[in-house]
Amino acid sequence: MAYDGLLTSVVAEDFSQKLVGAKIEKVMQPESDLVILQVKTATDRKRLLIDVSSSGSRVCFTKLEFENPLDAPSFCMLLRKHLSSGVITDVCQVDKERIIEITIESLNEIGLLVKRRLIAEVMGRHSNLILVDGLTEKIVDCIKHISLNVNRYRQILPGVIYERPPVLNLENTDGLSPAAKEALSMGADINDRLPRVYVDDNGKPKDFHVIDLKQYDGIYKSIDFDDVYDAMDYYYSNRMDSNRVMQKADNLQRTINGIIDKQLLKKQRLLEDIKKADEADIYRIKGELINANLHLIKPGDKKVKLVSFYDGNELEIALDEKLSAARNAQSYFKKYNKAKNAKKEKLPLLAALEKDIEYLESVLSLVSTASSYEELDAIKDELAGEGFLRISKAAKRKKPQKPKPRRFELASGLEVLVGRNNIENDYITTKLAEKTDWWFHTKDIHGSHLLMVCHGIDPAPEDMYEAASIAAWYSKGRNSDKVPVDYCMAKYVKKPNGAKPGMVTFTNNGTTWAHPKNPEK
């Protein structure tokens, strides 16, 4: 439990200094259990994040970007009604618990100044966000409705008098998490405040706090931050086990699948048009038969039966009675030429469409192996750059992310790099790779590019197999028992001109069957 009562006190104290007097400009609810208030303080604008999900509950300022739904949820609309243009007059922590109360004054429907309290209860799966009337203490509404059928000790429903959670229901009556208690028992100074995130060897966050968690010395690496909120952003956006990361990945997968479905529909229509063009020879044959039998066609005829000199069968040909026989023949030749020209135009479109579909399927596989907001945002930026997603105003303001491929060390000490998206796949393959490095990619299966950095050393067979196993893990085939993996020296990998990100050709390759291996375990 990273977000404990001690951390809550640090946040509440900072909020009381920075938010009192601030005006609420925007209320957003990007996800069902996440609310963001944009506020204007005396010095700048800030985004106040209130997350009441079971796995990422917290209250903090944030620099993370979130997408808002097209239609705002009902709770968001209610908060906008009661809080928009309101002024924050007080912020406090309740006792030593993970509860922050924000008092707001705003005008009601008839122009009278009223007081509301926005109460964030940050208690894991019991977290909630509740709006309370400052005069009557009745709940105006809450993000999670809790009836007596769910909790026999406490109702949280509109119209009910708000009661604070009973002390016995709280996990920590002294406000300290077990990790913080252990650190203090080992001599950590509670007044020595330095935000730290503790990560494993692969950079995945395991814990964070504002005090030194001494028990992690020698077990995890620590990353120091000047700002506690930057530490929180890093921790919560990079946790591998975050339900919200998985939810965001699911949303992105649905978006990409929707784009692929549209592309497949376009492909089907193009194939139908090309098939019609392939059948256009009948127009040419009809035109030739009419020209060869002009003497048999009378003015005003609507059809004529003629023997084909190709197969000897009688063919009925429709005619435009307003046109002469010769003009009818010309009309059929025009249809024939139009169909043939259409095929010439549509074949390149079909080829481009098939490349788009292949590219989107490769992106889909990369989403399935992503484990952080940062990775998913990079994939979205890539799709926007290729024209498949609309670029938001926030995305336009963002600086391009510097490629940061995954890095792992093999048992022998050799390093391998794995692209997290197609931009990084290109980066490690075309920018970082030396001629004597080895390149790996699953055979006929979408996945990440993997580069084994050899520094001129010939890798052992064990190195080759271990690298192939990692490449298999970061592919669509990670749940298979064995996966075919192509490999070759990096000098044999080429990127065709105009190819989409991640699309390359290679020669002089071998193939091995490898068991997918998670290098992070």
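Two strands count as paired here if DSSP finds at least two bridges between them. Helices (H or I, at least four residues) and strands (E, at least two) are DSSP runs, numbered from the N terminus. What you have above is a predicted model, so a bit of housekeeping: local features need pLDDT of at least 70, side-chain atom pairs count only at pLDDT 80 or more, and totals for chains, interfaces and linings use all residues. Residues are numbered from 1 along each chain as its sequence is written, and side-chain values use heavy atoms, with hydrogens and water left out.

Three strands make up an open sheet, in the order β11-β10-β12, with antiparallel pairing. β11 (205-209) and β12 (221-224) are the edge strands, each pairing on one side only. On average, neighbouring strands in this sheet are turned by 25° against each other, direction ignored. Zoom in on β10 (residues 196-199) and you'll find four bridges tying it to β12 in the antiparallel sense; Val-199 stands opposite Lys-221 in β12. Helix α4 (residues 228-238) lies across β10, β11 and β12, running at about 155° to β11. That angle is between N-to-C directions, on a scale from 0 to 180 degrees, using lines fitted to C-alpha atoms (for helices, over the stretch in contact). Contact, by the way, means heavy atoms within 4.5 Å.

Strand β2 (residues 34-40) runs antiparallel to β3, and seven bridges join the two. Val-39 has Lys-46 in β3 as its bridge partner, and a hairpin of four residues takes you from β2 to β3. On to β4 (residues 58-61): β3 pairs with it over four bridges, again in the antiparallel sense. Here Leu-48 stands opposite Phe-61 in β4, and the hairpin from β3 to β4 goes through six residues. Six of the seven residues of β3 (residues 45-51) are buried, so this strand is largely enclosed by the rest of the structure. Buried means under 20% relative accessible area (1.4 Å probe, protein chains only).

Last stop, helix α10 (residues 422-432). Its buried residues are Asn-422, Glu-424, Asn-425, Asp-426, Ile-428 and Thr-429. What covers them includes the helices α7 (325-369) and α8 (373-385), along with strands such as β16 (415-418) and β17 (438-442).

Methods
Buried means under 20% relative accessible area, exposed over 50%, partly exposed in between (1.4 Å probe, protein chains only).
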